[in-house]
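Please read the sequence and the model below, then follow the explanation after them.

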Amino acid sequence: MSVEDTLRDRMLAAVPSLRAFAISLTNNGDRADDLMHDTLMRAWAGLDRFERGANLESWLFTILRNRFHAGTRTRAAGRG
């Protein structure tokens, strides 16, 4: 099993916690799912920037929180 396979499995294991956090931020299941999906896609695309040995869940939660705040700013500015 490669490093990427292991990281993928760990990312998938984090999905329930990420979804719960996304729901707590958005208060909307559909928006939470979109936010979680965006988070996972960005994390996978940026996997080369993940420092091996660091806490993967913390990294994912940080991405999710940052995506939520970026989306909130975009909607507040009337662009989304």
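Which residues does Leu60 touch, not counting residues up to four places away in sequence? Leu60 touches Met11, Ala14, Leu18, Thr39 and Ala43, where contact means heavy atoms within 4.5 Å.

This is a predicted model, in which local features need pLDDT of at least 70 and side-chain atom pairs count only at pLDDT 80 or more, while totals for chains, interfaces and linings use all residues. Residues are numbered from 1 along each chain as its sequence is written, and side-chain values use heavy atoms, with hydrogens and water left out.

Leu60 also belongs to the largest nonpolar core, which has 17 residues; Met11, Leu18, Leu56 and Leu60 touch the most other members. A nonpolar core is a set of buried Ala, Val, Leu, Ile, Met, Phe, Trp, Tyr and Cys residues joined through side-chain atoms within 4.5 Å. Two or more residues of this core come from each of helix H1 (3-13), H2, helix H3 (29-45) and helix H4 (56-76). Helices are DSSP runs (H or I, at least four residues), numbered from the N terminus.

Helix H2 spans residues 15-26 and includes Ala20. Because its relative accessibility is 47%, Ala20 counts as partly exposed; buried means under 20% relative accessible area, exposed over 50%, and partly exposed in between (1.4 Å probe, protein chains only). Ala20 and Met36 are 16 residues apart in sequence, and their C-alpha atoms are 9.5 Å apart in space.

Thr26 is also in helix H2. With a relative accessible area of 9%, Thr26 is buried. Not counting residues up to four places away in sequence, Thr26 touches Arg31, Ala32, Leu35 and Phe68. A polar atom of the Thr26 side chain lies 3.0 Å from the backbone oxygen of Asn28.

Definitions and conventions:
A polar contact is a pair of N or O atoms within 3.5 Å; within protein, one must be able to donate a hydrogen and the other to accept it, and residues adjacent in sequence count only if both atoms are side-chain atoms.
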